[in-house]
Amino acid sequence: AALAAALACSGPDEHARGRALYRTQGCATCHGDEGQGVAATAPPLRGLREHWDRASLAEYLRNPRRAIEGDPRLAAMRERFTIEMPAIAVREDERLALADFVLALGP
């Protein structure tokens with residue numbers, strides 16, 4: 001249902017674009033091919049709608065360090081996982097497509 005809702009908002013082309021960015025930006029390396037997380041390396045990306053919306057996640061992707069420093073929940077997660085989240089240095093529309101894809105991963 002979450003995937004269907006995301007596709008309705010962004011369309012199948014944008015979903016494919018977000019998936020491609022997920023792969024080319026290296027997200028799958030740390031978070032797994034389907035956002036399931038990789039042990040102590042990086043958290044799962046499923047169920048992020050509980051804490052994020054499209055705009056806030058895209059902003060986080062632009063500057064994770066600043067977001068982590070301002071959010072105790074994220075700071076605690078940084079202590080649990082061994083890899084620091086890098087900034088995603090792509091255009092804003094690409095960050096939004098990536099955010100849409102990640103938010104559509106579901107629970």
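**Ground rules.** I'm working on a predicted model, so to speak with care: local features need pLDDT of at least 70, side-chain atom pairs count only at pLDDT 80 or more, and totals for chains, interfaces and linings use all residues. Residues are numbered from 1 along each chain as its sequence is written, and side-chain values use heavy atoms, with hydrogens and water left out.

**Cysteines.** I looked for disulfides (a pair of cysteine sulfur atoms within 2.5 Å) and found zero. Cys-27 is in none, its nearest cysteine sulfur being that of Cys-30, 8.6 Å away. That is too far for a bond. I also noted that Cys-27 is buried, at 10% relative accessibility (buried is under 20% relative accessible area, exposed over 50%, partly exposed in between; 1.4 Å probe, protein chains only).

**Largest pocket.** I put its volume at about 610 Å³. A pocket here is an open set of points on a 1 Å grid over the protein atoms alone, where a 1.4 Å probe fits, with protein on both sides within 12 Å along at least five of seven lines; lining residues have an atom within 4 Å of a point. The volume is the space filled by probe spheres set on the points, joined across faces, edges and corners. Of 30 lining residues, His-31, Pro-43, Leu-45, Tyr-60 and Met-85 are closest to the centre. Helix 5 gives the most, four residues (helices are DSSP runs of H or I, at least four residues, numbered from the N terminus).

**Ala-39.** I found a positive phi, near 40°, in the loop between helix 2 and helix 3. Ala-39 is exposed, at 73%.

How values were computed:
Helix = DSSP H or I, 4+ residues; strand = E, 2+ residues; numbered from the N terminus.
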